[in-house]
Amino acid sequence: MNKMSAISDWILFFGFAIAVLTMPIWLAPFGANYPDLMQRFAIFGLFAIGFNILFGLTGYLSFGHAAFLGIGSYTAVWSFKLLTMNVLPAVMFSILMAGIFAFAIGFISLRRSGIYFSILTLAFAQMSYNLAYSVLTPITNGETGLQLTLADPRMIDAMAGIEATRTLPTTNLFGMKMSGMPGFYFCAAALIIGFFISIRIFRSPFGVMLRGIKSNQNRMAYTGLNTRPYLIWAFVISGMYAGAAGALMAVTDPLAGAERMQWTASGEVVLMTILGGAGTLVGPFLGASLIKYFENIFSAYNTTNLNQIFDFMPDSIQPYVVDIAGLFVGKGWHLTLGLLFMITVIFLPGGIMEGVRRIGLLFKRNKKNTVDAGGATPAANS
Amino acid sequence: MENVVLHVADVHKSFAGLHALSDIDLSVREGETHAIIGPNGAGKSTLLNVCIGRLRPDSGHVVFDGENLTGKQPHQINQLGVVRVFQTPEIFPELSLLENVMIPVLAKRDGAFKLSWFKRFSGELDARSKAEGILEDLGLGSLIGGEAGSLSRGDKRRLELAMGLAQEPRLLLLDEPTAGMARHDTNATIDLLKRIKARGMTKVIIEHDMHVVFSLADRITVLAGGRIICQGTPEEVKADPRVKEAYLGEEQV
Amino acid sequence: MDALLLQVLNGLDKGGAYALIALGLTLVFGTLGVVNFAHGALFMLGAFCAVTLEKILTISTKVKDESITFFDAYKEVPILEAKYPVVGGFIVDYSVPFSILVAIPVMLLIGLIMERGLIRHFYKRPHADQILVTFGLAIILQEIVKHYFGANPIPQSAPDIVSGSANIGAVFGLGDNLVYPWWRLIYLAFSLSIIGGVFAFLQFTTFGMVVRAGMQDREMVGLLGINIQRRFTIVFGLAAVVAGVAGVMYTPILPPDYHMGMDFLVLSFVVVVVGGMGSLGGAVLAGFLLGILQSFASMNEIKSVLPGIDQIIIYLVAVIVLLVRPRGLMGRKGIMED
């Protein structure tokens, strides 16, 4: 049984890796196979997978994870400015920096649980956001956002004898340009590594302890377990994922702005996670991809498109339909997002994966009626 | 004096001016089964809560094997070997039975915190076989992969007992282990507790059921109104007039 | 000294708004046990009641501008004013105060619909679910407002008679150069009277007594056979009205835009937590306290010592309070710890 579950995890992992790496092929029919969008799938997938390690396993709802995303982006851009345009050090530094901040914030916030924890993380994220906009302008370049300039020192690059050019340099991985498809494959590799670590954590004693905390935190303490370090580690790990995601955003587009840290951005990653299914392995990635896909589609529409689409309608109702539909598309994409949020929480709190599981169960039951398939083990956390 | 494992010394505890415990002085000896009985509201559960660090006494202290438990965190007290089995089953409802019992096994083996995120939980074969053995022992072996939350109330209580035993406690505190159980289950539990006793585990039992108390206890402490009114062997307690008085109208001793 | 008094007044204003929003939040939390992230949106909707009414009242027509004599010039004048110069002009001028009359029934209706349609189904759900679903609702409401009113702030003006400043220096004997806008003083008085009204309502009516008892022990009140459900709906409506009128009256101070609700919500939540979850007095106290602290923190003298403190002071206080005194200034012990 142990070997079986290990094998099924490897199948899951390789299936995931292949699915991600072949996205350019199978996303083509959806018109979503261009690098920019696929990069976003990978980046936000990574962000959500990391968030899920905290929220999905321990049940602690953080409303401030966007702060770590922002910190990751700023660190990466600074690494580009000061050291080198190579992306590897940038990602490393970002993960490290996000981890340090996550430790500090988590150390304090995790002294409380429930809604108090949510409010504490929210307060810290708002502080980071406000400071990034105001007094930290020397580091964050305030409202304009942090950008590359021709005058950046790039010390390591300079030492390596890479000549400064007249145009802004591009991010690279040992010379390979990190825009377009190579950029996507880099993000995909990061996502796959992140997914692998997530599987390991889910299946480890550490992961089971985290689920124990979600299930009955008091009982954990009376079982001789100190829940605080477990929670802090979960918080730091998920913060590091967010830092990595932030770094990847800077890798594909080397600038960083404070709006990335706003609490609505934290809300978005919560939505991604619950939409896909909190506490499941692939759910958060599914949720993130779906949201980014729909964002892409819905934002592209405008009144002219809509008029064309609803052209078949009688003139008397067409303008009204267009007006209502217009609420949800283009700049109104956020409205759709809010609606999605509500629908998910109301009707499918377990997310898409829960829906899939229920449908699967339905089939299983039908089968069971005909052939008595014994020994059905609960398929937890697939 | 024999080898005293747990010493509750002069403990007072009051809630909003109400004395829940006063002048509690109690010694539990190594290897014995010590029952605490008393009418409802006598302060039994409060006393147990003080022992495991859930409540802090107003004054006095609790010493376990030379270590002062007062002011220690619950997980620290547990790591010293003091384990409590709760009256309302405190389990991990979303986790499987096996996981429910493996967590305490690992807590005993690895201590209060261990960051082992690269191992496989299901690959902890020693812990696993130990947990399976205990579940088997308590008649839960057939339900091992099921979700703990879906158990019947009686099975939940047995699962909790399994979780307590999984830690191989030096002192096991049992809060009404047979409350709400059918007679058949009660007898099974008594047998089980007798077997543990043979292994030399020290136990403190709070119990209403006098049948259970007199079949298990080596010594009995009787609480009433937050005070100890009598302490001694079952025979001594049976004979004590004050006990009869305290229980008057409650139960026949 | 003048500057200090000015900062206190500034803080009291802002604190008044915080207190009014936080009052509703904590009332809903204390009675219904629901964490409502859409409460800020109610404040925003109130403000847009004022905007809407003003828009309707000032539907304009072109009339000849008599002040220009060289050529025929036309200017836009509200129809109301053009037709009935005296009464119409008066109504347009007083559109913000009149908006309150509109906002009360509108907000009550919105509150009732929200409670019946959504909130009620979330009483028994975990707090995380409540937060998420109301967060979604808040986004929807603000996006709808954005769609119809645009993203830019829409300034509203106070009635002419109070658009100037009061010479409060003279009142306090501090010299003539200490002036303070009339409307802000009115807002302060307004928020105090609303707070007083809510407290009186809860203190002196049977309805209020039941609600207070419900805040103490919900199950108990349920056991008494009192139909707590209907009262909860009304409590929610009341909270919506309080947030709404707070929004209406705030429009001349802060031109409303679609995301003002979210901005105030986060702050109000912090206020509630600092005051103590479910404590009405705590919410009011913390609201004014944090308002004053914030306005002191934005003084140049303080900013020069602690740069950026004005941006984070409220959150910083919240963090400290939560760590040192988790139940807040006036909260009961243990509430929502699990």
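In chain B of this predicted model, four strands form an open antiparallel sheet in the order β2-β1-β4-β5. Strands here are DSSP runs of E of at least two residues, helices are runs of H or I of at least four, and both are numbered from the N terminus; two strands pair if DSSP finds at least two bridges between them. At the edges of this sheet stand β2 (18–29) and β5 (67–68) of chain B, each with a single partner strand, so one side of each is left without a neighbour in the sheet. Strand β4 (residues 59–64) of chain B runs antiparallel to β5(B) and is joined to it by two bridges. One pairing to look for is F64(B), whose bridge partner in β5(B) is E67(B).

Before we go on, a word on conventions. Residues are numbered from 1 along each chain as its sequence is written, while chains are lettered from A and ligands numbered from 1 in the order in which they are written. As the model is predicted, local features need pLDDT of at least 70 and side-chain atom pairs count only at pLDDT 80 or more, whereas totals for chains, interfaces and linings use all residues.

Chain B also holds a mixed open sheet of six strands, in the order β6-β7-β8-β3-β9-β10. Its edge strands, β6 (82–85) and β10 (227–232) of chain B, each pair on one side only. Neighbouring strands of this sheet are turned by 15 degrees against each other on average, direction ignored. Within it, β3 (residues 33–37) and β8 (residues 202–206) of chain B pair in the parallel sense over four bridges, and T33(B) has K203(B) as its bridge partner in β8(B).

Now to the neighbouring chains. Counting two residues as in contact if their C-beta atoms, placed from the backbone, lie within 7 Å, 29 residues of chain A are in contact with 32 residues of chain B. On the chain A side, α1 (2–21), α9 (180–203), α10 (205–221) and α11 (227–252) of chain A give two or more residues each, and the largest share, twelve residues, comes from α10(A).

Chain A meets chain C as well: 32 residues of chain C are in contact with 35 residues of chain A. On the chain C side, α6 (127–149), α12 (260–275) and α15 (309–324) of chain C each supply at least two residues, with the largest share, 14 residues, from α6(C).

Finally, consider chain A as a whole. There are 17 helices and four strands in chain A, and its C-alpha atoms fill a box of roughly 75 × 70 × 40 Å along the principal axes. Buried residues, those with 20 or more other C-beta atoms (placed from the backbone) within 10 Å of their own, make up 50% of its 382 residues. Among contacts in chain A between residues at least 6 apart in sequence, 78% join residues at least 24 apart.

Methods. A residue is buried if 20 or more other C-beta atoms lie within 10 Å of its own, exposed if 12 or fewer, and partly exposed in between; C-beta atoms are placed from the backbone. Axes are lines fitted to C-alpha atoms, for helices over the stretch in contact, and angles run from 0 to 180 degrees between N-to-C directions.
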